Amino acid sequence: RQRLQTLLGNARALSLATAAQATPTQSPPHTVVSWGLTYSHNPLAATQAKELVLTLPQGNVTVPLQQRSGEGATGQLQLYHRWSGGLELQAATQASSAANARTAGRFTLVGPLGQGAGAPLYWSLAAQQTLDGARRHAASLLWQAAGGERGNSDEQPALYGLGVFDEPQANRRGFTARVQKAWPGAPAVVQQGLAWAEYEHAQGHAPSAVRAGWQGYRQLAPRWLLHASGTAQADSAGYSPLLANNKPRRIFTGSLALERQFASAVLGGQLALNLHWSQRWSNLPLFAWKDYGLGLQWQRQWR
């Protein structure tokens, strides 16, 4: 899941931050099609814990855990299109040969509502299913703060969002508040990044959470790119009385990917080979995992 967000989600997140700066008439049509195939150690991000310690009133009980997934190949197809009026579409589908994997997919629409107080206003609708079958639906309103100092063309205003979400399998729903800001690289360096913070309020017994993260890439040498991301999460309440006596979760997820682009075009597009690593640490071992693998990706765009 984290690999998908890092290698393919970067383009969407960075595009959204820059798209909000342009009026609909300033957004020329843009289409991107990409295909990828990856073989990895843990494509379903299954826990790496070998046993589970249950904290009962009578005392702790240790239960052995069976591995829920293993190595496997994962293929993905993704389409992104932006119309001249400012409407953006992203659709992706993913399938894996790993045990118990389901077909994953994501569909997102983002469109302009108009301009208020000089700041563009956007709406967003999203639906997704991950490889482990978890579903999430979300709707958001997005707006941009006033721009930076005059004469500073590199200053990119922050993008704010308020939304609602629903996770049917987990019987979890609520609202989110988010802020994100993109930053360009220095003139002599090819790089781009995005930092964000989010509060997710869950209704009912599920804990709310505060998250913060960053993601970006940098060119190390001609045709060599380094992608990186990191996300920290802190829950507002305990996850379960059976886990560490109802301790709130503390989670950090990191990811790195080294990409080598091929010089020759293939079917009019860019072919690249990437080596990725991602890992999650947590104070509750049930939520810790790691993954690594090798992938091939092809991408072509039209403007």
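How many helices and strands are there in the protein chain? I counted two helices and 16 strands, taking DSSP runs numbered from the N terminus (helices H or I, at least four residues; strands E, at least two).

A note to myself on the ground rules: this is a predicted model, where local features need pLDDT of at least 70, side-chain atom pairs count only at pLDDT 80 or more, and totals for chains, interfaces and linings use all residues. Residues are numbered from 1 along each chain as its sequence is written, and side-chain values use heavy atoms, with hydrogens and water left out.

Next I looked up burial. Of the 303 residues in the protein chain, 42% are buried, meaning under 20% relative accessible area, with exposed over 50% and partly exposed in between (1.4 Å probe, protein chains only).

I found six residues in it: Leu52, Leu54, Leu243, Ile251, Leu284 and Phe287.

Phe287 kept my attention. The structure holds five aromatic pairs (ring centres of Phe, Tyr and Trp, its six-membered ring, within 6.5 Å; planes under 30 degrees apart are stacked, over 60 edge-to-face, the rest tilted). Tyr239 and Phe287 have ring centres 4.9 Å apart and planes at 75°, so I logged the pair as edge-to-face. Tyr239 lies in the loop between β13 (224-238) and β14 (248-261), and Phe287 in the loop between β15 (270-282) and β16 (289-302), so the pair ties together parts 48 residues apart in sequence. I also noted that Tyr239 is partly exposed at 40% relative accessible area, whereas Phe287 is buried at 13%.

Terms used
A nonpolar core is a set of buried Ala, Val, Leu, Ile, Met, Phe, Trp, Tyr and Cys residues joined through side-chain atoms within 4.5 Å.
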